[in-house]
Amino acid sequence: MLLDIRTLNLVARPLTREQGQTILERDQYCCQYCGLDGRATFENALAMSVDFLHPRSHKGRKHPRNLVACCRPCNQIKGRHIFKTFEEAKAFVLEHREELRKAWQDKVAKRAKAATQKET
Ligand SMILES: [Zn+2]
């Protein structure tokens, strides 16, 4: 990922800044998987990138139909998996985000419980 200092957007190589910008604008700077709004906060803006639906590592093309605005966590979750459709990819990403969320919530709950037990 390449951070463009002028626009503060992360653009996947080998896209040019203009190509990445075009996709982010088309998708209104919203992650097409989880809906994160890249314009809402500075931190969200930093998290935005462009995803290759069909991965570059599997010869995915940089045609606009193969590119979507995507936050880095969703991009990482999707990884190099190959999907037949965008909807299939989205379902996979959202399902895995939910699994990660539950694992995180369990961890936080256990820590809180351990802290409470130490106090008593
Ligand atoms: Zn996302």
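The model is predicted: local features need pLDDT of at least 70, side-chain atom pairs count only at pLDDT 80 or more, and totals for chains, interfaces and linings use all residues. Residue numbers start from 1 along each chain as its sequence is written.

**Fold.** The protein chain has 4 helices and 4 strands. Helices (H or I, at least four residues) and strands (E, at least two) are DSSP runs, numbered from the N terminus. Their order from the N terminus is β-β-α-α-β-β-α-α. Of the 120 residues, 24% are buried. Buried means 20 or more other C-beta atoms within 10 Å of the residue's own; exposed means 12 or fewer; partly exposed lies in between; C-beta atoms are placed from the backbone.

**Core.** A nonpolar core is a set of buried Ala, Val, Leu, Ile, Met, Phe, Trp, Tyr and Cys residues joined through C-beta atoms within 7 Å. The largest one has 19 residues, and Cys31, Ala69, Cys70 and Cys74 have the most contacts inside it.

| Element | Residues |
|---|---|
| helix H1 | 17-26 |
| strand E3 | 48-52 |
| strand E4 | 67-71 |
| helix H3 | 72-78 |
| helix H4 | 86-119 |

E4 supplies the largest share of this core, 5 residues.

**Helix H1.** Gly20, Ile23 and Leu24 are buried in H1. Seen down the axis of H1, its buried residues fall within an arc of 100°, so they line one face of the helix. That arc is taken from the directions from the helix axis to the C-beta atoms. The face turned away from the buried side carries the exposed residues Glu18, Glu25 and Arg26. Just after H1, Gln28 has a positive phi of about 55°.
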